[in-house]
Amino acid sequence: MTEKISFMERSEYMTEEGGRGERVLPERYRIPNQELRQRFEFREIRREEAEEAADIEQICFPPHEACSRSMMHQRVETAPELFLVAQDRQTGRLAGFLNGLSTDECVFRDEFFTDAKLYDPRGKNVMLLGLDVLPPYRRQGLARELMYEYLRRQLRRGSERILLTCSDEKVEMYQKFGFEDLGIANSTWGNEQWHEMSCLLNR
């Protein structure tokens, strides 16, 4: 049986009035599966892993949606702290990862996929650019664990909102992760129609 951990992640932040406030990550983000913690190490990406991440991206997404190899290298070089990888402790290889760019913008646009210069290290919002899990590791809760750990880390970092785009069939999954469907996105990346999803960390 999977053992659940009962704790609430908390993060202090400065209010506009100069005092201290506190954000509490909702209960649904508690770690649901300690077995995954034993199988995988969750950490920031290392620069030498950029090519491995690019390989995983090519497997997980069709060519017209996948991040290019050069762009993956740029993202790793520019904002490694906004990558979260799951490394298989037995093989030493990456099983999957999440990556994003921080910004003060609050609407997703295609340029976030192609221009790492939009990264603002002080930005309060994070545009998630991809959730990648290799096929042998799917349907085991790893995608959920990656997302929940990412949200916990962004809470501690002081982020306020996490945004992403997804296809129709993924909306329900991200809603279960705590995201709200904002409707059809402005982004038409890959000449596709997407939903924009948002998760607030300060409520």
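Is Ser167 buried or exposed? I opened today's notebook with that one, keeping in mind that this is a predicted model.

**Entry 1, Ser167.** I found Ser167 in the loop between β7 and α6. Its relative accessible area came out at 16%. Buried means under 20%, so I put Ser167 down as buried. Next I looked up its contacts, leaving out neighbours within four places in sequence, and noted Trp194 and His195.

I then moved to helix α2, where Ala53 is found. Ala53 has a relative accessible area of 0%, so this residue is buried as well. What does Ala53 touch, not counting residues up to four places away in sequence? I wrote down Ile45, Met72 and Phe97. I also checked Ala53 against Leu98, 45 residues apart along the chain, and got a C-alpha separation of 10.0 Å.

How much space lies in the largest pocket? I have about 970 Å³ on the page. I counted 35 residues in its lining, and those nearest the centre are Phe61, Leu131, Lys170, Met173 and Tyr174. Two or more lining residues come from each of α2 (50-60), β6 (125-133), α5 (142-157), β7 (161-166) and α6 (171-176). Which element gives the most to this lining? My answer is β6, with 6 residues. Sorted by class, the lining holds 20 nonpolar, 6 polar and 9 charged residues.

Terms used. Residues numbered from 1 in each chain as written. Predicted model: local features only at pLDDT ≥ 70, side-chain atom pairs only at ≥ 80, totals over all residues. Heavy atoms only, no water. 1 Å grid on protein atoms, 1.4 Å probe; cavity = no way out; pocket = protein on both sides within 12 Å on 5 of 7 lines; lining within 4 Å. Points joined across faces, edges and corners; volume = space filled by probe spheres on them. Helix = DSSP H or I, 4+ residues; strand = E, 2+ residues; numbered from the N terminus. Nonpolar A, V, L, I, M, F, W, Y, C, P; charged D, E, K, R; others polar. Buried < 20%, exposed > 50% of the residue type's maximum accessible area, 1.4 Å probe, protein only. Contact = heavy atoms within 4.5 Å.
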